[in-house]
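Me: I have a model open and want to learn how to read it. Can we go through it feature by feature?

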Amino acid sequence: MHTELEIAERCLLLFSEPGRWTQKTCARDRQGKPCPVFSQEARAFDIEGAIRRAAGKEDRGAYARFVKLIKDQLHKHPFDWNDQSGRNQRDVVRMFQDLADELRFKEQT
């Protein structure tokens, strides 16, 4: 099982390329069609899909652990924030960068 910091860093890797983020579904294939998060066809992810993919199939509780962390940071449920009109991939990357920074800080204290 990965630590929360490792999962956040893996999410950042998922979102490192343009077009890897989506809204209104956990994952999409290259054609933009919804698909399962763990499908080999999945190429774009929302916050929930990225966390689930980064944590791996074995860690079914990862998203539940992240909900509180993200809600504390954003004051909104992650999928509501992700799907908000005007949101973009840069916003999501910044959120994960801030979260990773906070997790690194907590590890050192």
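This is a predicted model: local features need pLDDT of at least 70, side-chain atom pairs count only at pLDDT 80 or more; totals for chains, interfaces and linings use all residues.

Me: Which residues of α2 are buried?

Reply: They are Ile47, Glu48, Gly49, Ala50, Ile51, Ala54 and Ala55. Note that the list includes Glu48.

Me: What do the buried residues of α2 pack against?

Reply: Look for contacts, meaning heavy atoms within 4.5 Å. Here the partners are α1 (4–14), β2, α3 (62–74), α4 (78–82) and α5 (89–108).

Me: How do I read the ends of the helix? Which residue caps the N-terminal end of α2?

Reply: Asp46 is the cap. One of its side-chain oxygens lies 3.2 Å from the backbone nitrogen of Glu48.

Me: Now a helix pair. At what angle do α2 and α3 pack?

Reply: Read the angle together with the axis distance. For α2 and α3 the angle is about 130°, and the axes are 9 Å apart. Roughly antiparallel needs over 145 degrees, and roughly perpendicular runs from 65 to 115. The two helices are therefore oblique to each other. Their crossing is right-handed.

Me: Which residues meet where α2 and α3 pack?

Reply: List each side. From α2 come Ile47, Glu48, Ile51, Arg52 and Ala55. From α3 come Ala62, Tyr63, Phe66 and Ile70. Then sort by class: seven are nonpolar, none is polar and two are charged.

Me: Is Thr25 buried or exposed?

Reply: Compare its area with the cut-off. The relative accessible area of Thr25 is 19%, and buried means under 20%, so Thr25 counts as buried. Leaving out residues up to four places away in sequence, Thr25 touches Pro34 and Asp46. Asp46 is also the cap of α2.

Me: One more loop residue. What does Glu41 touch, beyond residues up to four places away in sequence?

Reply: Glu41 is in the loop between β1 (27–28) and β2 (44–45). Glu41 touches Arg28, Asp29, Arg30 and Cys35. Then compare sequence with space. Glu41 and Arg28 are 13 residues apart in sequence, and their C-alpha atoms are 7.8 Å apart.

Definitions and conventions:
Residues are numbered from 1 along each chain as its sequence is written. Side-chain values use heavy atoms; hydrogens and water are left out. Helices (H or I, at least four residues) and strands (E, at least two) are DSSP runs, numbered from the N terminus. Buried means under 20% relative accessible area, exposed over 50%, partly exposed in between (1.4 Å probe, protein chains only). A polar contact is a pair of N or O atoms within 3.5 Å; within protein, one must be able to donate a hydrogen and the other to accept it, and residues adjacent in sequence count only if both atoms are side-chain atoms. Axes are lines fitted to C-alpha atoms, for helices over the stretch in contact, and angles run from 0 to 180 degrees between N-to-C directions. Angles under 35 degrees count as roughly parallel, over 145 as roughly antiparallel, 65 to 115 as roughly perpendicular and the rest as oblique. A crossing is left-handed if the near helix is turned anticlockwise from the far one by less than a right angle, and right-handed if clockwise. Ala, Val, Leu, Ile, Met, Phe, Trp, Tyr, Cys and Pro count as nonpolar, Asp, Glu, Lys and Arg as charged, and the others, Gly among them, as polar.
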